[in-house]
Amino acid sequence: MERVKAVLAGQPVDRPPFIAWGPHLNLEDKHVGDFTKAVIAYEDQHDFDILKVMQNGLYNTEDFGAVIDETRDSNDACFKKTRIPAITCLEDLRSLTKKDVHEGAFGREMEIIKILCDYYKDKVPVLPTVFGPYRMLGQLMGFGGQRTLLEGNTMMDFARTHEEDYLRAMDVLTDQVIDLMNGFLDVGAAGFFYCPGGTYSMDPSTDADYLKYIRPYDEKVLAAVYDRSFFTMLHICGMDVQHMDHMLDLPAHAINWEDQSPFNPSIEQVRRKTDKVLMGGIDRNADFYGGNRDKVKSVIKMKTKEAIRQGGNKLVVSVGCESPREITHRFVVWHEVMDDLAE
């Protein structure tokens, strides 16, 4: 906690904070006891400076009536399991109302975060995962090949062609997300791993679209809780993100993205545009692989030093998104690198 606060202030530290998250705990994440024990075991084993909680990726749709299939195994990604979306027609969208964040699936997540915050107290910042209103609306409408209101079109297509219904739903979900985040803060969360809308190039939109249909809602949500949180990281998800320049001044304390992707800007490029804490430097899809342990350690050390060079004091060394299951055993090597830097 002290190391993270120092970095937020741009003060010198013994070493930068470091963090990875993932994989999803698909078999445990709907049971409070099993999930919290698994998360604590993960954090205590790897000793990351920040705990990003890998919650069920559809927890925010359960209370709205989505039919979600059970996961079959630990690799069966939970966010792909919606069988019947919560919103399948315009009538569903027009009748959308807020849910009580202390009941149902939301209540389960409140209990999970409270247990974790009570356990780590002032030692490790706990960040629940929160999806912004645009992302949440897309989740409520379904994913993949399911037949939904989108009918093969993108979310932005829907926003343009059903503007009145879209804007009303976004107002409801904005209030819903604010309630959720305030609830998490009430039980001790330090901030959030916040996923804004409009990042994916698979849902193409112009800058004008983004500034009209997406950004105002993320901005309202983040501004509502900014003064109550001390470390909210904006996770700009995707290997080829769009509208990133328009996201840099959203009310968050830190920015995380796949800086190792050749299609995204580097830490150095983003540093020129903002003095916020930047999070990245490690390639989750490459740097931990290989049978030669010394070579892996050398690569991670080189990447970490390069991230420090590019990001300066206001840096958290991190991956860009969910870590593959097979690399978690290599986090011990990364920890050795960070200990070496501290010495």
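I started at aspartate 47, which counts as partly exposed at 41% relative accessibility. I noted at the outset that this is a predicted model. I then looked up where aspartate 47 sits: the loop between helix H2 (32-46) and strand S2 (51-52). Asp47 belongs to a negative surface patch, together with Asp44, Asp339 and Glu343.

**Salt bridges**

I searched the whole structure for salt bridges and got 26. I followed up several of them.

Arginine 83 came up with aspartate 69 as its partner; their closest N and O atoms are 2.7 Å apart. I placed both ends: arginine 83 is in strand S4 (residues 82-84), and aspartate 69 is in the loop between strand S3 (67-68) and S4. The two are 14 residues apart, and the pair links distant parts of the chain. I also looked up the cover on aspartate 69. Its relative accessible area is 29%, so I logged aspartate 69 as partly exposed.

I turned to helix H9 (residues 207-225). Here glutamate 219 and arginine 215 form a salt bridge, with 3.5 Å from N to O. How far apart are glutamate 219 and arginine 215 in helix H9? They are 4 residues apart, so about one helical turn separates them. Are the two partners buried or exposed? Glutamate 219 is partly exposed at 33% relative accessibility. Arginine 215 has a relative accessible area of 11%, under the 20% cut-off, and therefore counts as buried.

My next pair was lysine 297 with aspartate 340. Their side chains meet in a salt bridge at 3.3 Å, N to O. I found lysine 297 in helix H12 (residues 293-311) and aspartate 340 in helix H13 (residues 331-342). Aspartate 340 is partly exposed, at 32% relative accessibility. I then traced shared partners. Arg293, Lys297, Lys301, Glu336 and Asp340 are joined by salt bridges into one network.

**Glutamine 55**

My last entry is on glutamine 55. I located glutamine 55 in the loop between S2 and helix H3 (59-62). Is this residue, glutamine 55, buried or exposed? At 3% relative accessibility, glutamine 55 counts as buried, because the cut-off is under 20%. I checked what its side chain touches. Glutamine 55 makes a side-chain to side-chain polar contact with glutamate 109, at 3.0 Å.

Methods: Residues numbered from 1 in each chain as written. Predicted model: local features only at pLDDT ≥ 70, side-chain atom pairs only at ≥ 80, totals over all residues. Heavy atoms only, no water. Patch = residues over 30% accessible without salt bridge, like charges linked within 9 Å, V, L, I, M, F, W, Y side chains within 5 Å. Areas by Shrake-Rupley, 256 points an atom, 1.4 Å probe, with all protein chains shown as cover. Salt bridge = Lys/Arg side-chain N within 4 Å of Asp/Glu carboxyl O. Lys, Arg positive; Asp, Glu negative; His and termini not counted. Charge placed at Lys NZ, Arg CZ, Asp CG, Glu CD. Buried < 20%, exposed > 50% of the residue type's maximum accessible area, 1.4 Å probe, protein only. Polar contact = N/O pair within 3.5 Å; in protein donor to acceptor, adjacent residues only side chain to side chain.
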